[in-house]
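Me: I'm new to this one. Could you show it to me and then take my questions?

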Amino acid sequence: MSIAAKMLAGRAKLAPAETQNVTIEKDLRVPMPDGVVLLADHYAPQGLGDRPTVLIRSVYTDRTKGAMVSRLVAERGFHVVVVSGRGSCGSEGTLTPFVSERDDGLAVLEWLRRQPWFTGELGTLGQSYNGYTQWAIAAGAGPELRAMSTSLIGSNAYDLVYPGGALALELFLGWISMVAHQEKPLPVYLSTVALGGKRRARAARVLPLAEADTIAIGAVAPHWRDWLAHPDAGDPWWSAGDHSREISAVSVPNHLVSGWDDFALPGLVRDYQALRKAGREPYLTIGPWQHWDAELSMTALRESIVWLRAHLLKDRDGLRTAPVRVYVRGAEEWRDLPAYPPAEVRPQRFHLHPNGGLGGDLPADSAPDRYRFDPADPTPAVTGMSRMIGISRRTGESVLAGRADVLTYTGEPLPADLEVIGVPAAELHVTSSLAHTDFYVRVSDVAPSGAITHVSDALRRCAADRPIDGMVEIELAPVAHRFKRGHRIRVQVASAAYPRWDRNLGTGEPPATASAMRAADQQVHHDPRRPSALILPAC
């Protein structure tokens, strides 16, 4: 084992290796039904007899540059097969993110069944996109699949690319840049990440957005243009990338791992809840991390290995008793639970009031609050869900406080601690001058000192046949947070969080080709007939 591998094992707090004698077969050819050949590496632990196989499928450099993880897993008692997806790291074909993962994955399983060392017992692991590739085969893998650990990702590609119906602009401009340059020498790749932010910032502002790829990476990215050409959730084009509909048929034990500031958390929690609804008993771990945090990656690796050993090798050492472990922010402590959210949670409503108030009582008769959203000067995103490195520094609270296109509602100091664990929601009674517009809601914790802590947020894209006049329901990001006594709850309403989401141009034209802009005059109502409210899952 190399010094670097020892350091990684120590940082991840992995259990001791069963063997350090691992042989590697590189560049194995795995045929796909359409004639494309994918490349795979096989890590075989020696001296342990027949052992189950762990499959990792990736469009990243896990096979060519990330060999340490595969070796560490093999040293802990598994054959490991890591496969590069089509169009990446030497595999043939064209990169088609999300679209081809089910068919290609099932073809990889057919290849595995023909290998002499394959015992018929299979587990899968992987983080982010590598977690998604697990969901792609979960329903059709057959009896060989015995355990999986889908970390930092959800099963529905559309919800990842278009959270709330709006394009995750900053994230995926960063993603196409990362994938386009990942196979270059490390100094070149790191330079691209460090110096490419201004270029991606220009790309985010270009109209029409379909052409942003040529600015961000200097070339056409067909997958970027495919995503832009299919902005609607009901478009059949996304069916190949939506595996959420098959979750009820997946009985394989799964441990889902994420962080409160992980942009993929909402989809992961929906998958967890769908498994619970189907009668399964998944494990769930959520900590105080964002998608890129090394601590989240190390935790996911450790928990995945423990999980796979428990279900494939009957080694339950290290497997905790409680199926759910979450970090409660505000309390700054870990909490073991039987389920997320716990059964005792009850919805508690906090109504928007005139003059920037927020409270449990219904608001009195009052005129709506108004603001104008201009897509030529979109409301900026502030600290919240993690954002891809490079486009912009996170803007501070003062930026929102000084803008006329943000409404702020703040409650009175809390008389006692209030703990919220679950998925908050917002009900906004709104009127817009446009039929196509967005509404964004952000929840914060305001300390007596004035310090502000982000708690949860989300954006909802609205489209109608006529100017919008009614209630907009917004599911916010999952939380586990304690508002301490004396702290105040704050709700902010806007119509953008740019460039985290693309700006709504207001015309209803397809985002791939739209360039004209229309400003939206927005009203948020707070009266007894139209009581806009934040709903918190209170314990």
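**Questions and answers**

Me: Which residues does tryptophan 224 touch?
Reply: This is a predicted model, where local features need pLDDT of at least 70, side-chain atom pairs count only at pLDDT 80 or more, and totals for chains, interfaces and linings use all residues. Residues are numbered from 1 along each chain as its sequence is written, and side-chain values use heavy atoms, with hydrogens and water left out. Contact means heavy atoms within 4.5 Å. Leaving aside residues up to four places away in sequence, tryptophan 224 touches Leu167, Leu169, Phe172, Leu173, Ile176, Leu209, Ala210, Ala212 and Asp213.

Me: Is tryptophan 224 buried or exposed?
Reply: Buried means under 20% relative accessible area, exposed over 50%, and partly exposed in between (1.4 Å probe, protein chains only). Tryptophan 224 has a relative accessible area of 0%, so it counts as buried.

Me: Which helices do the buried residues of H10 pack against?
Reply: Helices (H or I, at least four residues) and strands (E, at least two) are DSSP runs, numbered from the N terminus. In H10 (residues 222-229), the buried ones are His223, Trp224, Trp227 and Leu228. Down the axis of H10 they fall within an arc of 140 degrees, so they line one face of the helix; the arc is that of the directions from the helix axis to the C-beta atoms. They pack against H5 (157-161), H6 (169-181) and H9 (212-216).

Me: How many of the 13 residues of H6 are buried?
Reply: The list of buried residues in H6 includes Leu169, Glu170, Trp175 and His181. H6 is largely enclosed by the rest of the structure, because the buried count among its 13 residues is twelve.

Me: Where is histidine 487 found?
Reply: Histidine 487 is buried, with a relative accessible area of 15%. Among the residues it touches, not counting those up to four places away in sequence, are Glu412, Leu414, Asp445 and Pro448. Its place is the loop between strand S20 (479-483) and strand S21 (488-494).

Me: How far apart in space are tryptophan 224 and valine 326?
Reply: In sequence, tryptophan 224 and valine 326 are 102 residues apart. C-alpha to C-alpha, the distance between them in space is 35 Å.

Me: How far apart are the end C-alpha atoms of H6?
Reply: The expected span of a helix is 1.5 Å times one less than its number of residues. For the 13 residues of H6 that should be 18 Å. The model agrees, with the end C-alpha atoms at 19 Å.
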